[in-house]
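Me: Please take a close look at one part of this model for me, the first chain. I would like to see how that chain is put together and then how it sits with its partner.

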Amino acid sequence: MNKDFLIKYIYGIADNALILGQRLGELTGHGPTLEVDIATTNISLDLFGQVRSYFQYAAQLSEKEITEDDIAFLRTEREYLNVLLVEQPNRDFAFVIGRQFLFDHFHFLLLTEMQKSHDQTLVAIAKKSLKEVSYHKRFSSDWIKRLGDGTEESKQKIQTAIDDLWRFTDELFHLTEDDKKAVEEGIGVDVSKLKETYYKNVAEILEEATLEVPELKYFQEGGKKGIHSEHMGYLLTDMQYMQRTYPGMKW
Amino acid sequence: MVEEKVHIEEELEPILKQVSDPEIPVLSIIDLGVVRSANLDGKKAKIEITPTYSGCPAMDVIGDDIKAALKEAGYEAEVNLILAPAWSSDWITEEGRKALEEYGIAPPMDATSDKKALLGEEQIVKCPQCKSTNTHMVSQFGSTACKALFKCNDCQEPFDYFKCLI
């Protein structure tokens with residue numbers, strides 16, 4: 001059986017974790033407080049750990065002689081299939097938390113469903129990752145409430161971040177051709193079915209945080225097809241430079 | 001508590017007991033529950049380990065340490081990383097829990113108590129220094145992925161709490 005669709009499907013899931021992990025990793029030593037610095041980089045580490053499991057599996061499936069490192073570091077921008085949301089920059093702490101919150105709630109629902117996949121490796125990764133993502137979701141949701149129901153300034157900043165990032169949320173529920181094939185095979189998750197629960201869960205927390213739930217009709221998309229925002233190139237340059245400069249370098 | 005059946009060859013156990021988690025040196029990998037099987041075929045040992053957290057950077061070191069310890073004892077070792085079933089903090093042995101507390105890390109509680117503790121609903125995490133439960137959480141994420149950071153209100157000492165993961 002041709003496994004190309006499955007490899008692409010795995011990239012679609014893993015690239016979200018990889019790129020978000022990279023964004024969070026940028027905060028190493030730069031977090032607003034020591035505790036937050038440690039928390040965001042711990043989350044980054046969890047995500048990179050998950051990515052390793054996905055890419056090791058994808059490398060096994062591939063007919064080419066590739067490793068997890070090749071997949072992580074040596075693809076071109078168009079070959080990364082992450083959603084636009086996760087590549088958005090760390091503009092301020094509110095954006096870091098807003099992005100995390102909007103992603104964690106999706107990630108949690110995705111992994112919960114992925115536990116029912118017919119692919120046993122994906123089931124194992126989902127079960128493992130879900131335990132970690134429960135902690136991520138709790139962390140980001142707590143901060144949404146703290147910022148939203150905090151001071152006038154914190155409220156205004158987190159509302160701005162949520163309003164700005166909201167336009168990237170719809171893409172989380174789009175299916176590419178490879179995703180559709182994976183769903184047909186009983187391997188993939190039909191993310192379009194998670195949409196209603198997602199917006200309900202997210203809205204509940206925003207309301208508890210005394211924040212407005214944005215009402216938006218226009219959404220942006222592209223990342224899942226490899227069409228990224230202007231931020232992606234800079235991120236990849238930073239992430240890939242070591243492998244590009246010293247090909248095959250290992251720790 | 002979920003009892004997991006783990007097969008560890010008798011003659012390999014004392015050797016594996018000497019290998020510890022590099023980030024928690026008082027805890028052997030057997031007591032941490034990351035060794036999922038250890039089988040022997042002649043002098044060839046086959047060991048399966050599972051990570052506590054996906055990104056646990058200690059796994060590579062643990063794998064190398066197992067190989068080194070077994071080589072020293074005259075075995076040839078193969079170490080494989082497995083993901084299923086996913087590691088649970090319930091797999092830390094009683095001995096391991098004691099070692100953690102003596103070392104200054106509060107051992108994980110059951111899931112319900114853990115949730116209450118991490119949500120700040122109840123003060124139940126016991127300070128490993130002065131044994132007071134008058135403690136509070138400083139951060140859900142501590143010095144490593146598996147720990148949360150706490151502080152004792154009585155003796156004022158900060159300490160790590162090993163998070164419950166089931």
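Reply: Happy to. In chain A, 75% of the contacts with a separation of 6 or more are between residues 24 or more positions apart; a contact here means that two C-beta atoms, placed from the backbone, lie within 7 Å. Please keep in mind that this is a predicted model, in which local features need pLDDT of at least 70, side-chain atom pairs count only at pLDDT 80 or more, and totals for chains, interfaces and linings use all residues. Residues are numbered from 1 along each chain as its sequence is written, while chains are lettered from A and ligands numbered from 1 in the order in which they are written.

Now for the overall build. Chain A has ten helices and zero strands, where helices (H or I, at least four residues) and strands (E, at least two) are DSSP runs numbered from the N terminus. Its radius of gyration is 18 Å, close to the 18 Å of the globule rule for 251 residues, so chain A is as compact as a globular protein of that length. That radius is taken over C-alpha atoms, and the rule is 2.2 Å times the number of residues to the power 0.38. The C-alpha trace of chain A spans about 55 × 40 × 30 Å along its principal axes. Of the 251 residues in chain A, 46% are buried: a residue is buried with 20 or more other C-beta atoms within 10 Å of its own, exposed with 12 or fewer, and partly exposed in between.

Ala126(A) belongs to helix α6 of chain A and counts as buried, with 24 C-beta neighbours inside 10 Å. Leaving out residues up to four places away in sequence, Ala126(A) touches Leu111(A), Met114(A) and Gln115(A). Asp4(A) sits in helix α1 (residues 4-25) of chain A and is partly exposed, with 13 other C-beta atoms within 10 Å. From Asp4(A) to Leu216(A), 212 residues apart along the chain, the C-alpha separation is 35 Å.

Next, the partner. Here 20 residues of chain A are in contact with 15 residues of chain B. Helices α2 (34-61) and α6 (120-148) of chain A each supply at least two residues of that side of chain A. By class, the side of chain A that touches chain B has eight nonpolar, five polar and seven charged residues. In this scheme Ala, Val, Leu, Ile, Met, Phe, Trp, Tyr, Cys and Pro are nonpolar, Asp, Glu, Lys and Arg are charged, and the others, Gly among them, are polar. For the complex, the predictor gives an ipTM of 0.80 and a pTM of 0.90.

As for chain B itself, its mean pLDDT is 89, and 97% of its residues reach 70 or more; pLDDT is the predictor's confidence in each residue, from 0 to 100. The assignment for chain B gives domain 1 (7-91) and domain 2 (104-162), with bounds from an automatic or database domain assignment. Their C-alpha centres lie 28 Å apart, and the contact takes seven residues from domain 1 of chain B and six residues from domain 2 of chain B.
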